[in-house]
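Morning, everyone. Please have a look at the structure on the screen, and then I'll walk you through it.

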Amino acid sequence: MSAPSAQPAPSSPARPVGERTSHPLLRYLVRRLGVSALLIIGVTLVTFVLTNLVPGDTVAANLGQRAAEDPAIVAAYRAHYGLDRPLPAQYLTYLTNLLHGDLGESQQTHRAVLTDLRSAVPATLEIAIGAIVLSVLIGVGFGTIAAVRRGHLADSALRLVSLVGISLPTFWFALVAYYVLSFQLDLAPGSGRLSPATTPPPDITGLYTLDSLLSGQWQTYADAVAHLMLPTLVLTLYTVGLLTRFTRSAVLEVLEQDYVRSARAKGLPGRTVLLRYVLRAALVPILTVVGLAFGALLSGTVLVEQIFSWPGLGSYAYQAASHLDLPGVMGVGLFVGIIYLLINLVVDLLYGAIDPRVRVS
């Protein structure tokens with residue numbers, strides 16, 4: 001009796017070419033961009049509805065009470081800005097213009113909202129970038145030291161510093177810093193981005209420090225840095241306190257893991273264990289806080305910018321809200337929403353660069 005012939009193993013069903021060749025990171029980016037587009041539409045809807053529900057007369061806020069009592073002026077004003085149409089029609093027009101890069105015309109400045117944002121956003125970016133860089137360097141360092149020296153004097157002192165930074169109201173610290181360091185001691189300029197006698201550098205990026213460096217205007221650069229000192233210091237204090245406390249908790253949690261004890265038992269140097277094992281694992285939750293803190297710096301500097309007469313996004317948002325400038329308020333809301341979406345996307349991508357488990361999943 002002959003031996004049975006070997007049967008070929010069933011072949012696995014062929015995957016579609018697109019699925020086989022597409023990279024997981026690319027698929028992830030496509031999904032995130034699609035979700036982000038839907039979220040941006042949701043942001044526009046929420047800001048539009050909430051802005052139009054705010055009580056008050058936009059005509060009186062922008063033209064004055066006397067002009068608001070003239071029916072002809074009111075009708076002309078409402079027709080110019082499209083306020084005489086139903087809200088659904090206004091929203092559809094807003095979305096259509098938004099697809100063409102048109103955020104509308106500011107009722108306060110009578111310029112395009114996009115033009116106003118182009119001049120306000122770089123001013124806020126200048127202090128936000130400086131504050132977040134200093135906060136990460138100082139806060140992560142302080143938190144790591146406090147965790148490694150848990151229960152010692154250094155831990156207690158750094159926890160006290162972080163508690164003070166979180167507890168102090170930002171506007172109060174800004175007023176104190178302005179009065180003491182600028183008015184009393186004259187150590188730093190107290191208001192504006194440049195001194196009145198200094199000519200702004202050529203508009204390349206909108207960041208005075210970077211533009212002055214690119215154009216070789218060293219005196220302008222020094223003046224811009226001097227004006228950055230106080231607002232950056234105020235914003236850094238709170239963020240340092242937040243990052244110190246969170247970093248301490250994250251590092252302490254990693255220090256209790258078994259693989260850290262195993263690395264120490266193998267005789268690895270303490271610095272190697274701290275940098276390669278502890279900090280790398282603790283950076284994943286720390287990145288989340290850094291991203292949220294940076295978004296808060298970009299969108300929540302209203303009082304600080306008002307105190308230091310800083311012509312940034314916070315000042316523009318305050319002026320738009322106080323004058324019921326509907327296109328201006330919606331423009332700021334849309335920008336803040338996009339910023340948070342971009343920050344979350346970047347943080348998620350950094351997760352994969354730091355933690356291999358995220359790349360596998």
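Start with the surface. F171, W172, L175, V176, Y179, V180, F183, L185, L187 and L303 form a nonpolar patch there, with about 1000 Å² of accessible area together. A patch takes residues with over 30% relative accessible area and no salt bridge, and nonpolar side chains (Val, Leu, Ile, Met, Phe, Trp, Tyr) are joined within 5 Å. A salt bridge puts a side-chain nitrogen of Lys or Arg within 4 Å of a carboxyl oxygen of Asp or Glu. Areas come from the Shrake-Rupley method with a 1.4 Å probe, and for residues only the protein chains shown count as cover.

A word on the source. This is a predicted model: local features need pLDDT of at least 70, side-chain atom pairs count only at pLDDT 80 or more, and totals for chains, interfaces and linings use all residues. Residues are numbered from 1 along each chain as its sequence is written, and side-chain values use heavy atoms, with hydrogens and water left out.

Which helix gives the most to the patch? Helix α9, residues 170-184, with seven residues. Helices here are DSSP runs (H or I, at least four residues), numbered from the N terminus. V180 sits in α9. V180 counts as partly exposed because its relative accessibility is 33%; buried means under 20%, exposed over 50%, partly exposed in between.

Now inside. The largest nonpolar core has 59 residues, and L117, V234, V251, V278 and L313 touch the most other members. Several helices each supply at least two residues of this core, including α7 (113-148), α9 and α11 (218-255). The largest share, 13 residues, comes from α13. Such a core is a set of buried Ala, Val, Leu, Ile, Met, Phe, Trp, Tyr and Cys residues joined through side-chain atoms within 4.5 Å. Take V278: not counting residues up to four places away in sequence, V278 touches V251, V254, L255, V260 and V273. Contact means heavy atoms within 4.5 Å. There is also a second, separate core of seven residues, with A68, V74, Y77 and Y81 among them.

Next, a loop. S191 lies between α9 and α10 (208-214). Buried or partly exposed? S191 is partly exposed, because its relative accessibility is 36%. S191 and F308 are 117 residues apart along the chain, yet their C-alpha atoms are separated by 4.5 Å. Beyond four places in sequence, S191 contacts Y178, H227, F308 and S309.

Last stop: T220, in helix α11. At 8% relative accessibility, T220 counts as buried. Its contacts, leaving aside neighbours within four places in sequence, are L194, T198, T199, P201 and S212.

Conventions
Patches are made of residues with over 30% relative accessible area and no salt bridge: like charges are joined within 9 Å, nonpolar side chains (Val, Leu, Ile, Met, Phe, Trp, Tyr) within 5 Å. Buried means under 20% relative accessible area, exposed over 50%, partly exposed in between (1.4 Å probe, protein chains only).
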